[in-house]
Amino acid sequence: MTDTAAPHSATTDTVVLPTIETTTAPSTTTGTTTNASPAPAAPATLEARSVSAWFGTHKVLERVSLTMPAGEVTALIGPSGCGKSTFLRTLNRMHELIPSAQLGGEVLFEGQDIYAPGRRLTDARRDIGMVFQKPNPFPAMSIYDNVVAGLRLTGVRASRGEKDLLVEESLTRAGLWKEVRDRLRQPGGALSGGQQQRLCIARALAVRPRVLLMDEPCSALDPTSTRRVEETIHDLAHHITVVIVTHNMQQAARVSQQCAFFLAEQGTPGGIVEHGPTGKIFGTPEDERTADYVAGRFG
């Protein structure tokens, strides 16, 4: 893709939920049985190569390159307005939903550019899920229907029995199953804020992503809910690649193995000042600006 390439248009395709393991298990809601129990795929490596981004003529990112290793949590830190969330949205083609947005560079999912001609938008959104800053369950939908909504949105077909198993598994992985298993038909909007955010994580997990993007997922939550979401991130990190934007330095240090510090100085586009293992970024950073930021001297 050239440095001024316009966003690709979306395409619609239907895919079938993969079935890898074969079991017989009772349905969690109907008492029926199913012989297909889909298993999550392995986490994937995500790599940005010289990614630049614009909104109209305003350039907000300048040639950002970063590898986000499979099965690890990568935290994106930096002051407000330095391009962290914009960069996150480029990683699964959310950036192109804005009419004036453009992007240059490449985003490689297991070595394949998700912006390449012929690459389906539905593939990118299914392989690379996203959880937003503010919990956004469908308020009128039940907890159950919220979880399986992602299947319809990404064109995935599944039987009722597969959906039942998937709802239990996704809610379990999101750390919510024990709290809601007896009220799956109640509205998702009736849950607490922290529960709603974990419901959104479950909805993202239901389509079997290999990477999960999280844009400040705890910024609107109380400390107890934040701790539970962080515990969920810890549990997920062994099975999925996680990329999280956070303004909370303690949170970045707690949940991530890799860290990238973004900065935009004096009206210039945002970029990465320094990246590497989280312990090194917080303990022995090479750039003085990184040391000042993680120590709270600015930002």
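Thr90 is buried, with a relative accessible area of 0%. In this predicted model, the residue belongs to helix 1 (residues 84-90). Beyond its neighbours within four places in sequence, Thr90 touches Val51, His95, Leu103, Val107, Ile114 and Tyr115.

Stepping back to the whole molecule, the protein chain contains 10 helices and 14 strands. Of its 299 residues, 51% are buried. When contacts between residues at least 6 apart in sequence are considered, 69% of them link residues at least 24 apart.

The buried set runs through Gly194, Gln195, Gln196, Gln197, Arg198, Leu199, Cys200, Ile201, Ala202, Arg203, Ala204 and Leu205. These buried residues pack against strand 9 (128-131), helix 3, helix 4, helix 5 (177-180), strand 11 (211-215) and helix 7.

The axes of helix 6 (residues 193-205) and helix 7 (residues 223-236) come within 9 Å and cross at roughly 20°. An angle under 35 degrees counts as roughly parallel, and the two helices are therefore roughly parallel to each other. Their crossing is right-handed. On the side of helix 6, the contact involves Gly194, Arg198, Ile201 and Leu205, while helix 7 contributes Ser225, Arg228, Val229, Thr232 and Leu236. Sorted by class, this contact comprises 4 nonpolar, 3 polar and 2 charged residues. A general point about helices is handy when reading such lists: an α-helix has 3.6 residues a turn, so residues three or four places apart point the same way.

The crossing of helix 3 with helix 6 is right-handed. Here Ile143, Asn146, Val147, Ala149 and Gly150 of helix 3 meet Leu199, Ala202 and Arg203 of helix 6. The residues in this contact divide into 5 nonpolar, 2 polar and 1 charged.

Helix 4 (residues 160-173), too, has a length that fits expectation: its 14 residues should span 20 Å at 1.5 Å a residue, and its end C-alpha atoms are 20 Å apart. Buried positions in helix 4 are Gly161, Glu162, Asp164, Leu165, Leu166, Val167, Ser170, Leu171 and Arg173. Just beyond the end of helix 4, Gly175 adopts a positive phi of about 75°.

Positive phi values also occur at residues other than glycine. Glu110, which is not a glycine, has a positive phi of about 50°. Glu110 sits in the loop between strand 7 (101-109) and strand 8 (112-113), and its relative accessible area of 41% makes it partly exposed. Glu216, likewise not a glycine, has a positive phi of about 45°.

Technical notes
Residues are numbered from 1 along each chain as its sequence is written. This is a predicted model: local features need pLDDT of at least 70, side-chain atom pairs count only at pLDDT 80 or more; totals for chains, interfaces and linings use all residues. Side-chain values use heavy atoms; hydrogens and water are left out. Axes are lines fitted to C-alpha atoms, for helices over the stretch in contact, and angles run from 0 to 180 degrees between N-to-C directions. Helices (H or I, at least four residues) and strands (E, at least two) are DSSP runs, numbered from the N terminus. Angles under 35 degrees count as roughly parallel, over 145 as roughly antiparallel, 65 to 115 as roughly perpendicular and the rest as oblique. A crossing is left-handed if the near helix is turned anticlockwise from the far one by less than a right angle, and right-handed if clockwise. Contact means heavy atoms within 4.5 Å. Ala, Val, Leu, Ile, Met, Phe, Trp, Tyr, Cys and Pro count as nonpolar, Asp, Glu, Lys and Arg as charged, and the others, Gly among them, as polar. The expected span of a helix is 1.5 Å times one less than its number of residues. Buried means under 20% relative accessible area, exposed over 50%, partly exposed in between (1.4 Å probe, protein chains only).
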